[in-house]
Amino acid sequence: MENLWLLTEERPKPSVILQIVEMYCNDFDDKITLKEEIRIKPIIENGIFKFVYVIEGLKVDGANNIYIKTVSGSSSFLDFLLFKQEYAPKEGCSTDNLIMAIEETKTSDDESRNTGVYQRGSKFVYISPYYDKVKLYMLYNEELEAREDKKPSDTSIFGTNILLTLGVTIVGKDTSKWFKPFESLDELIRFKASMRKPPAGNVPIEIRKFQDRIEISGRLSKPADAGNIGHDPNIGALSMISKCIRTLGWTKDIVITMHGVTQAYINKTKGKNKFLYICNILGLKLDGIVMPKSVSLPELYWHYEMSSEKMTSILLHVLGMYNGMYGVYENHAGCERGYFRTKSGKLITLPKKDKQGINLYLPDVVLYDEPSNIILLVEGKKLSTLSNGIEEIQYYDSIENEYIKPAYKGVDILRCISIFGGNNSGYLHKDVLIYMNLSGKIFINPNAPECVKSMFKNVGVTI
């Protein structure tokens, strides 16, 4: 029987896995046959991690198992890809059966208008040359308490209407009252023109239709005078709007104006930039810029991750929670930053600065083991950057004193490092809690807390 294979850059969460499987069952005529406590278990054999996780407590009629593997995108990558087939998908294999591509966000309209709708928009455009038939989804997974029902912002309505026009299925947000696809290009332009303008000095995103072209104004450079392409919300917005214009039937030129990008930057990048890839896909021009003659998209849309420090920090996080630890905070490399969870379950958005106005140093993962009353502050690093990790864990005073100690009174705190990479075959340094080499071989600090040693012993790792 076939399996479900979920490929992701993110740390997999049981609640999100359940939502995705429910979406799959709803759209692909399958049904859940087992739904208990959902747990994510790393597959470790003879002390070697096989770089795959299996889902326990959740089964569907049409699949034998549900597996998860960690990947990275070549550029603008959607958070989750769901394949249905017997064996693990192969990088770049055109015959693999990708059935769903999902972007997941916990950002609400109240929290961040641009991030919630626009910033991720380019992802739904970039995937099309690689998988043009796949079903697309935007999954809202709001963790904060539900806010009072009110009309969304015009930005939220405009961006969501574009997603619906592009055929993206919205999950986790009621689209029945405020949102609908645009039916015509003129309707799109009228709606955008009716929206509130930004403060004086900002470049507004405006759409102007001429006989031979459509012009869309929008700054791409950040900071404004850098001449680069670095304004992520506008990259997403301009990508979404342009794709929507093409979807509504416009075949003539689309020109981005007032962008702030310099010819020198374009020449330097030689077309290797996510927005220039979008320009190539949609046939966009930048006003006053000689576009690269040929822009080749990366060969692969995704590849299996075998270089990032998060390979070990996510493994530690997942195995810890599988063994009953409490996830306090996560900021894994390249993943969405989480909330800080108090012992009572309250969620807090951590600021960028501490109370003294100094940058707040944040670990990759914070785990709490209640029976031993120990909190692990774990900084994830590659083997090549171990010395940086040894230095960085010295700067955790602020997060300990301002957040952890008030929320977890009397707790014992261990600052430590998780390491990935290389081919070493033993223990590295007194501050390293766990080391995993490129072969998946796992080594645990012999002085690690008993709660850590026991959970790894249970999966066959020799301490």
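Search the whole structure and you get 20 aromatic pairs, where a pair means Phe, Tyr or Trp rings (the six-membered one for Trp) with centres within 6.5 Å. Bear in mind that this is a predicted model, so local features need pLDDT of at least 70 and side-chain atom pairs count only at pLDDT 80 or more, while totals for chains, interfaces and linings use all residues. Residues are numbered from 1 along each chain as its sequence is written, and side-chain values use heavy atoms, with hydrogens and water left out.

**Aromatic pairs**

- Phe 83 and Trp 302 pair up edge-to-face, 6.2 Å centre to centre with 65° between the planes; the label covers planes over 60 degrees apart, under 30 is stacked, and the rest are tilted.
- Phe 83 sits in strand 5 (residues 80-85) and Trp 302 in strand 13 (residues 302-304), so this pair ties together parts 219 residues apart in sequence; strands here are DSSP E runs of at least two residues, helices are H or I runs of at least four, and both are numbered from the N terminus.
- Phe 83 is buried at 0% relative accessible area, and Trp 302 is buried at 1% (buried is under 20%, exposed over 50%, partly exposed in between, with a 1.4 Å probe and protein chains only).
- Tyr 130 and Tyr 301 make a tilted pair, 5.4 Å centre to centre and 45° between the planes.
- Tyr 130 is in the loop between helix 3 (121-126) and strand 7 (135-140), and Tyr 301 is in the loop between strand 12 (284-286) and strand 13, so the pair ties together parts 171 residues apart in sequence.
- Tyr 301 also counts as buried, at 3% relative accessibility.
- Ring pairs join Phe 77, Tyr 126, Tyr 130, Tyr 131, Tyr 277 and Tyr 301 into a cluster.

**Charges over rings**

- Arg 39 puts its charged end over the ring of Tyr 322, 3.9 Å from the centre (the test is NZ of Lys or CZ of Arg within 6 Å of the ring centre and within 35 degrees of the ring normal).
- Arg 213 has its charged end over the ring of Phe 210, 4.0 Å from the centre.

**Cavities**

- The count is two cavities of 30 Å³ or more, a cavity being a set of points on a 1 Å grid over the protein atoms alone where a 1.4 Å probe fits but cannot get out.
- The second largest cavity holds about 30 Å³, a volume being the space filled by probe spheres set on the points, which are joined across faces, edges and corners.
- Its lining (residues with an atom within 4 Å of a point) is Phe 49, Phe 51, Val 52, Tyr 53, Lys 69, Thr 70 and Met 311.
- Strand 3 gives the most to the lining of the second largest cavity, with four residues.

Notes
1 Å grid on protein atoms, 1.4 Å probe; cavity = no way out; pocket = protein on both sides within 12 Å on 5 of 7 lines; lining within 4 Å.
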